[in-house]
Amino acid sequence: MSNDAATPGTSVPPDPPGTDPSSGSPTPFHDLDRYLAIPRVGGLALSPDGTRLVTTVQTLDAQRTGYRTALWEVDPAGHAPARRLTRSTKGESSATFTAAGDVLFTSARPDPDAGSDDDPTSALWLLPASGGEARVVATAPAGVSGPLAAADAPVVSVAAPVLPSARDLTHDGELRKARKDAKVAAILHTAYPVRQWDHDRGPDEAHRFVGDLTTLVDEPAQPLPVAEGEDAPAEHDPRLLDLRDVSRGAEGSAAPGRALHEHAADLSADGTTLVTTWQVAGPGPQVRNTLVAIDTATGARRTLVDEPRAEAHWPRISPDGAWVAFVRETISTPHQAPEESLAVVPLHAPDGPAGAAEGHDDSATTRAENHATPRTLVRHWDRWPTSLRWLPDGSGLLVTADDDGRGPVFLVAFAPDGATENGTAERVTSDDAVFTDLQVAADGRTLYALRTSYLEPSHPVRVDLGAFLDSGAAGARTPVPATPLRGPVATPDLPGTLVDVETAAADDVRVRGWLALPHGASAENPAPLLLWIHGGPLGSWNAWSWRWNPWLMVARGYAVLLPDPALSTGYGQDFVQRGWGAWGKAPYTDLLAITDAVEARPDVDATRTAAMGGSFGGYMANWVAGHTDRFRAIVTHASLWALDQFGPTTDHAYYWAREMTPEMALENSPHRFVGDIVTPMLVIHGDKDYRVPIGEGLRLWYELLERSGLPAGPSGESVHRFLYYPDENHWVLQPQHAKVWYQVVLAFLAEHVLGAAPGEGDAELPTTLG
């Protein structure tokens with residue numbers, strides 16, 4: 001893995017500059033406190049004139065118990081060092097540029113122009129391009145999020161949660177105060193689902209609002225004090241946007257309900273149309289995403305895409321406002337995996353633009369069949385798009401997709417007449433890396449992005465798109481490398497090297513992965529092996545992870561195998577289908593096959609191995625535990641154990657029903673093999689995990705002690721361990737909890753893989769556990 005194409009079986013690239021493997025100098029990965037303190041970059045926004053790039057940097061707070069964020073500016077030319085734009089204890093995020101070049105962001109930091117607030121919520125702030133301090137320009141009782149700005153007009157849109165009976169934001173604030181004063185937290189549900197990841201859904205739901213930036217007045221005038229006994233005037237504060245709820249339909253006829261849950265939206269360049277995913281219910285407790293267009297002046301809404309057997313994601317409006325590109329995902333069945341493709345539809349209906357049918361309410365019961373049939377671009381491209389962005393002239397889209405353990409940028413040409421329907425996706429970037437947050441300069445000749453891999457966390461880069469376009473005819477062009485910019489965070493030195501490994505599975509299908517090796521691993525000094533199994537299962541070990549970071553283990557001398565077995569993305573539809581509905585078959589045999597291949601290396605010690613994984617990876621760790629005794633220890637985090645129990649209790653049970661029949665779930669359930677588990681297991685689970693509910697961890701723990709091949713002894717003693725987090729969810733997010741996670745895992749592995757004495761040396765547990 002490097003900036004150049006990697007040759008399978010070779011270690012790439014050379015060690016990062018400034019490191020000396022022979023010196024034994026410690027890296028940040030040798031010390032958990034130093035590791036947790038590494039700043040983390042995320043998000044990217046480009047100004048309309050292409051002269052400013054803004055990113056977000058997350059840093060550890062002074063108490064080392066949480067993270068705070070700030071906006072930083074990066075020089076697109078790569079000359080000037082990055083500079084910090086914002087600073088507060090609450091942090092700032094979601095940066096975007098207005099058409100005038102001002103920076104919009106969200107933050108819950110105190111508003112100096114408002115009264116005291118003991119419980120501040122996230123507001124929309126504006127940092128003027130001409131200089132000066134940022135100020136609040138939009139608020140809502142429960143906060144705002146997801147800001148969008150029109151590229152060519154002074155129009156912005158934000159999302160805000162609103163209670164179901166609220167008439168407007170003012171009424172919403174009154175209802176919330178009444179609930180808070182009465183200490184009422186009850187929620188009356190009328191639909192499914194009721195939970196999401198780590199929080200309860202409702203009673204409020206997302207609405208979408210639009211405001212006109214030209215109405216803002218930033219002056220020192222204040223309203224007159226209210227006399228005793230008088231009601232406060234209901235005048236609009238001219239310093240704030242007058243947010244109009246465009247998600248209620250024309251004339252504010254009906255609230256959107258759950259339609260905008262976890263929605264993705266885009267605002268047309270002229271600000272006249274908002275296109276958003278729109279969740280519809282049914283059949284039964286199922287939900288799926290359609291696409292709607294909303295006129296920002298009238299709120300008139302009409303359906304763009306509504307396919308009973310497919311969902312729409314990530315809409316992007318073309319620069320001329322004529323087309324909407326999106327990712328189309330077919331709805332899976334227990335026997336057929338989903339398929340994802342890039343598609344387009346015209347934005348305007350045949351009878352006029354989105355707002356023409358004024359007064360039409362596009363509700364679930366009255367949806368008009370006026371939407372166009374989506375047109376698939378690159379019909380035979382066997383990859384799943386992960387993001388998309390139009391070229392400024394509308395001649396094509398830049399698309400990212402998982403691809404063979406990487407995530408390059410691809411160019412997909414577009415022609416309004418459909419001439420490119422069976423075209424190709426040309427690879428633009430040559431780096432062995434994953435690209436995210438694509439931003440394109442107005443002239444279409446330069447691309448900016450964040451680049452990441454298991455060699456480096458996300459950092460801003462520049463791609464010479466012009467050089468790529470000029471390198472040959474369409475379909476015969478040469479991919480180009482990205483150039484790192486002077487970002488706010490330096491890439492940390494690593495304690496080892498990365499190797500691309502592969503083997504043939506039992507059905508002669510190629511299975512590949514990454515192997516992170518410690519410096520000094522050799523035939524004379526082979527490294528113990530950790531098999532790390534990714535979650536998803538529709539995913540790939542291709543991008544840096546702060547939660548599952550192999551270099552912390554490499555710094556302790558382990559080799560870490562990061563394989564992509566069946567069900568992994570980036571290897572084609574057939575590779576996903578191999579494991580669909582049969583998790584215990586091809587995914588399991590693929591894992592063992594590539595583990596066999598890596599254990600045959602002279603620099604790996606096949607006698608000292610362990611397996612670990614989280615979520616689906618935790619499921620596979622449980623399956624591995626019940627089907628082989630080849631590993632000395634197994635770590636299972638947020639894992640699925642009894643699939644008949646998991647299915648109805650996960651937060652999105654309807655999706656699980658699309659994945660396996662009850663018979664398939666029973667056949668692939670790890671709990672049936674608990675009696676065959678003879679390997680010490682470390683179980684980790686958070687009580688606030690609603691994706692894989694805590695019942696999975698509790699049942700696994702009890703059955704390990706009661707019925708496994710290593711049950712609890714006469715006095716209740718056991719080699720198994722259960723690390724329980726009462727206030728964490730599917731992920732362990734609090735810094736000190738993450739530190740405990742790694743400390744306990746490393747101690748467990750040291751005891752069972754390295755043979756350390758329990759509770760001593762490397763197997764010593766942290767004192768914070770009591």
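The structure is a predicted model. Its chain contains twelve helices and 39 strands. The radius of gyration is 27 Å, close to the 27 Å that the globule rule gives for 770 residues, so the chain is as compact as a globular protein of that length. Along the principal axes, the C-alpha trace spans about 75 × 70 × 50 Å. Of contacts between residues at least 6 apart in sequence, 62% join residues at least 24 apart.

The next topic is burial. Of the 770 residues, 56% count as buried, a term that stands for a relative accessible area under 20%. The chain exposes about 31,300 Å², and carbon and sulfur atoms supply 52% of that area. Helix α7, residues 616–625, gives a clear example of burial: ten of its ten residues are buried, so this helix is largely enclosed by the rest of the structure. Among the buried residues of α7 are F616, Y619, M620 and W623, and the list also includes G617, G618 and N622.

Charged side chains come next. The chain has 60 positive and 100 negative side chains, and the centres of these two sets lie 2 Å apart. A search of the whole structure finds 38 salt bridges. One of them pairs D33 with K739, whose closest N and O atoms are 2.9 Å apart. D33 belongs to helix α1 (residues 32–36) and K739 to helix α12 (residues 735–752), so this pair ties together parts that are 706 residues apart in sequence. With a relative accessibility of 29%, D33 is partly exposed, whereas K739 is buried at 17%.

Another salt bridge lies within a single helix. E703 and R699 meet through their side chains, with an N to O distance of 3.0 Å. The two residues are four apart in helix α11 (residues 694–707), and they are therefore separated by about one helical turn. E703 is buried, with a relative accessible area of 8%, while R699 is partly exposed at 24%. Salt bridges can also share partners: in this way D404, R406, D432, D500, E502, R510, R512 and D564 are joined into one network.

A further pair consists of D605 and R608, whose closest N and O atoms are 2.7 Å apart in a salt bridge. Here D605 is buried, with a relative accessible area of 14%, and R608 is partly exposed, with 23%.

Notes
Residues numbered from 1 in each chain as written. Predicted model: local features only at pLDDT ≥ 70, side-chain atom pairs only at ≥ 80, totals over all residues. Heavy atoms only, no water. Salt bridge = Lys/Arg side-chain N within 4 Å of Asp/Glu carboxyl O. Buried < 20%, exposed > 50% of the residue type's maximum accessible area, 1.4 Å probe, protein only. Rg over C-alpha atoms; globule rule 2.2 N^0.38 Å. Contact = heavy atoms within 4.5 Å. Areas by Shrake-Rupley, 256 points an atom, 1.4 Å probe, with all protein chains shown as cover. Lys, Arg positive; Asp, Glu negative; His and termini not counted. Charge placed at Lys NZ, Arg CZ, Asp CG, Glu CD.
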